[in-house]
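I opened a new structure today and kept notes as I went. Here is what I looked up, in the order I looked it up.

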Amino acid sequence: MTATQLAGVRAGARLDRLPPSRWHRRLTFTVGIGAFFDLYEIFLGGVLAAVLAERWHLDHTTRSWVIAAGFLGMFAGANVLSVLADRFGRRRMFLVNLGAYSLCSLLAAFAPNAQWLIALRFLAGLGLGAELVLVDTYLAEFLPRAVRGRYIAWAYTFGFLGVPVAAFVGARLVATRELLGVEGWRWLLVAGALGAAFIQLMRARLPESPRWLAVHGREEEAARIVTDIEERVARETGETLPSVAVAAEVPQRRVPLGAMFRGDQRRRTVMWWIFQVLQTVGYYGFGSLAPVVLAAKGHTVTASLSYAALSFCGYPLGSALSVPLIDRIERKTLIIAAALGMAVCGLAFGFAGAGWLIVSAGFALTVCSNVFSNAFHVYQTEIFPTGLRSSAIGIAYSLSRLTSVVLPFVALSVLDGLGPGAVFTGSAVLMGLLCLDVALLGPRSTGRSLERI
């Protein structure tokens, strides 16, 4: 075993055997809160399409592009920034992605027409594209394996707490039309930009991932960071740290991108690409299309946004509900069960007419969605090796964003031609195919070291 490989093993083994501490919880919060902006952007696309359709007299195609532009940017950003994160480091890309998103979102708030708005939302999505990839990768490489699932689930819970708040604020701003003489929808873009800038400042002091450093031959730097973490954890917990069983670990190394298509990795890559295409319809489809679907049911824009906001309250609850489940139930089993729940609740939402039933079905759908989401975000960090992790996750994730680009055009056409019920029937069928994909091709991962899965 080379010195570099030994350092990588030691870094991973030393981090895995640490007891949970305040340091781990602070890290989880600081990294996880950025997850808010991903779903915020999805919510925002539906709001802008619903509000500006009348105000700017948008036709069907332009309205679809208002929703799709951000996703197209995320597709490009996920491919580029996630690969760069494997090459130049997790921390460096963290400092690039939210900074670019913040700047472009602020500029989009001053867009004079739909064309400028679409272009700037594309650029904002470009910056945001690797956010969830980096959240998953970074936390998985720091957190002890015994709590990896729970803490990543808490990270998303922190982020999603802001979503229903943003939805209610958005509905209120749209209802009042203006704030300080500025149209309400523009304030939603400003709020996203300023919030992202604040989180960026919080992340400026994050250390680089020791696992990534060791894989790239910077073993001394990795050892210094791990030692500093060990000292902090020991002070905070007052516990004597257990010894490191180096021999029990499998060394990690730099892995060429082409390794995704060799051996066991090929099966995992194919499984995850199929998964990411299919999950987009069930998860992101609801968040981005809910206001438009409700408007198609005959509700006013204000009522549609209020119903959507109440439904979105299920996001943080579902995320919190996943915390006690995620390390007790095998990840792939939890993913399948939650996906089936999403399919059933989506059908109820699509065919519901009464306001109380719409909100109840939407709420239940978002609860299931975030049990599903947290389970798969943990799962994807465990099925690829450190040298490939960010790239493999990012490229697969970009396919979900590419699907999200196409989704508004297809879904709105089906909505206009066949109605909301047909939209969610199609979604339920695709979620069923997703369950088969994971059941047949997905490996088991719960409770195992990243170096051993």
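**Entry 1: H7 against H18.** I started with helix H7 (residues 131–142) and helix H18 (residues 389–418), which pack at an angle of about 150° with their axes 9 Å apart. That angle makes H7 roughly antiparallel to H18. My note on the wording: under 35 degrees counts as roughly parallel, over 145 as roughly antiparallel, 65 to 115 as roughly perpendicular, and the rest as oblique. The axes are lines fitted to C-alpha atoms, for helices over the stretch in contact, and the angles run from 0 to 180 degrees between N-to-C directions. Helices here are DSSP runs (H or I, at least four residues), strands are E runs of at least two, and both are numbered from the N terminus.

I also looked up the handedness: the crossing of H7 and H18 is right-handed. Right-handed is used when the near helix is turned clockwise from the far one by less than a right angle, left-handed when anticlockwise.

Which residues of H7 and H18 meet? From H7 I listed Leu132, Val133, Thr137 and Glu141, and from H18 Arg389, Ser390, Ile393, Gly394 and Tyr397. Sorted by class, this contact has 4 nonpolar, 3 polar and 2 charged residues. For the classes, Ala, Val, Leu, Ile, Met, Phe, Trp, Tyr, Cys and Pro are nonpolar, Asp, Glu, Lys and Arg are charged, and the others, Gly among them, are polar. Contact means heavy atoms within 4.5 Å.

**Entry 2: what I am looking at.** This is a predicted model, where local features need pLDDT of at least 70 and side-chain atom pairs count only at pLDDT 80 or more, while totals for chains, interfaces and linings use all residues. Residues are numbered from 1 along each chain as its sequence is written, and side-chain values use heavy atoms, with hydrogens and water left out.

**Entry 3: the whole chain.** I find 19 helices and 2 strands in the protein chain. Of its 453 residues, 60% count as buried; buried is under 20% relative accessible area, exposed over 50%, and partly exposed in between (1.4 Å probe, protein chains only). Among contacts between residues at least 6 apart in sequence, 87% join residues at least 24 apart.

**Entry 4: H18 against H19.** H18 also packs with helix H19 (residues 420–441), at an angle of about 135° and with the axes 7 Å apart. That makes H18 oblique to H19. Ala411, Val414, Leu415 and Leu418 of H18 make the contact with Pro420, Ala422 and Val423 of H19. I sorted these too: 7 nonpolar, no polar and no charged.

**Entry 5: the core.** How many residues does the largest nonpolar core have? I get 135, and those with the most contacts inside it are Trp272, Ile335, Phe372 and Leu434. Such a core is a set of buried Ala, Val, Leu, Ile, Met, Phe, Trp, Tyr and Cys residues joined through side-chain atoms within 4.5 Å. Setting aside neighbours within four places in sequence, Trp272 contacts Phe376, Tyr379, Gln380, Ile383, Phe384 and Ala396.

Entry 6: Beyond four places in sequence, Gln279 touches Tyr284, Phe372, Phe376, Ser400, Met431 and Leu434. Thr280 is in H13 as well, residues 263–296, and is buried with a relative accessible area of 0%. Its contacts, sequence neighbours within four places aside, are Gly285, Ser400, Thr403, Ser404 and Leu407. Thr280 and Leu402 are 122 residues apart in sequence, yet 9.4 Å apart in space, C-alpha to C-alpha.

**Entry 7: Ser64.** Ser64 sits in helix H4 (residues 60–88). Buried or exposed, I asked of Ser64? Ser64 is buried, with 0% relative accessible area, and is in contact with Pro408, Phe409 and Leu412, leaving aside neighbours within four places in sequence.

**Entry 8: loops.** Leu18 lies in the loop between helix H1 (3–16) and helix H2 (22–32), and counts as buried at 4% relative accessibility. His57, in the loop between helix H3 (35–55) and H4, is exposed at 69%. His57 has a positive phi of about 55° although it is not a glycine.
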